Amino acid sequence: MIWQNYWAWLGLSTLAVPLLLHLLSRRRARVQPFPTLRFLPASRLTISRRARPTDVLLLALRMGILTAAVAALAQPYFTGIDSPAMQSSVTRVVVVDTSASMQRQTSTSGERALDSARRAAAAAGASSPAAAGSPGTVGMIIETADPATAVAGAVAWLVSRPGAGELVVISDFQRGSLDPLDLAAVPRHIGLELQRMPAAGVATADLPVQYDGRALVTRVVVQPASTEVEWFLRAGADTLVPSSARSNGLILLHAGGERAAADAALAAAAAIGSPATAVSRPVTIVLAGHEQLSPMMSSAMPLNAAWMGDIVAALHRDRLLTDLAAQVPTGTIPGAEAAPFATVVRTRSDAPLVSAARLAGEDGDRLLLLVRADASSVAAAAVIAAVARASSDVRVLRELEIATLPDTVLARWQRSAMPAPALRAAIPPGASHGRWLWLVVLVLLGVEALARRGKRTAAAAP
């Protein structure tokens, strides 16, 4: 049902009129013959007030008449009546959380929460109108390790579809995985359903760092009642090598003669808590003036890996990097704005500061970031720190959280799907099904007249 005139509901304030009339009305005293008052003792008159309304049946009928009249003035339109094209249809998008916490085995069933989530997503798709073959309805299942970032894309697709939309998120809902700000972009007419999967009771992660030429591993075990941390060294095949020779790690390329400035940029990034040694993904940062810039640009290819997109999206949202982009001067890299490069961060003058592409190598694909600034600029340190934050093993610590959002919070965020604005615009001009409510008003008026007549007859009877 769609209400075309919401302002008419202000007429419900008229319900106070019959209520006040019934509360203030006084019954006429019936005159009864009495032989004499001589033998009755004298008494003092007291004032009595009636707190209850008189004639509750008449009051209910009159309030029902006003309510039906106000609803008719609101011009209701029942979807699915008079037009098959107006039949309600729901377009559903199911977002499945595939993060590390969902891939741990649960203590209740012994299987991964992700397996249960995928079955729930398949069931949601099977019960959707699209699976039943309804015309004009489609569905989509998205698997992502960061459901919060997938909400915006899912909403943009739902808004472009006709009819009502519904977003279903299936996750264990760790604390911090989803918050009201992530759901603020979901329009009110799009339904929201949050399905919880059982979370694991214990979380374990190994975080390796370089120490004295060997791998120092920090093992963190999080349990409901305690957290255990163990440090141990690994040698032999696990010995770490410089990042420039590793397939996973950061490579910083700069112009000749800027070695000292590049070391200062690396030190500045480490000073704010984002050391380059924490980068666990193959990323190459090329600063302006590097001698091999042109050959690398000619062999660059479009991004094709999900982890590359995650890092690019994190750089685009990085507050420190975007704030500095409006302040630092930039150099010039011809061709950095053309395909296959994608602009990640722009300056205040709308010039690209960071561009991204893919670079193939013997040890696999690497993320190539072109920075239109030299090694001595603040932008170089900001880009290194942002890459370290986006591609660091420290991100694994988020998945160690075993506390989840309460069910009361999830219930407060959920809502049912409503007709989309496009469906409202498709209503024919002047079309309304309020005539059925006016018919209800006439029927109630007739019943009210009969009840009033019966009351008068009873009052006139001796």
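Which strands does helix α8 lie across? Helix α8 (residues 306–317) lies across β11, β12, β13 (352–359) and β14. Its direction is at about 25° to β14. Angles run from 0 to 180 degrees between N-to-C directions, with axes fitted to C-alpha atoms, for helices over the stretch in contact. Contact means heavy atoms within 4.5 Å.

The model is predicted: local features need pLDDT of at least 70, side-chain atom pairs count only at pLDDT 80 or more, and totals for chains, interfaces and linings use all residues. Residues are numbered from 1 along each chain as its sequence is written, and side-chain values use heavy atoms, leaving out hydrogens and water.

The protein chain holds 13 helices and 14 strands. These are DSSP runs numbered from the N terminus (helices: H or I, at least four residues; strands: E, at least two). Of its 462 residues, 37% are buried, meaning under 20% relative accessible area with a 1.4 Å probe, protein chains only.

Five strands form an open, mixed sheet in the order β10-β11-β14-β13-β12. Its edge strands, β10 (249–253) and β12 (342–346), each pair on one side only. Pairing requires at least two DSSP bridges between two strands. The twist averages 20° from one strand to the next. Strands β11 (282–287) and β14 (366–371) pair in the parallel sense over five bridges. Leu287 has Val371 of β14 as its bridge partner. Helix α10 (378–390) lies across β10, β11, β13 and β14, at about 170° to β11.

Elsewhere, buried residues of helix α4 include Pro147, Val151 and Leu158. The buried residues of α4 pack against β3 (90–97), β4 (139–144), β5 (164–171) and α5 (180–183).

Key. Buried < 20%, exposed > 50% of the residue type's maximum accessible area, 1.4 Å probe, protein only.
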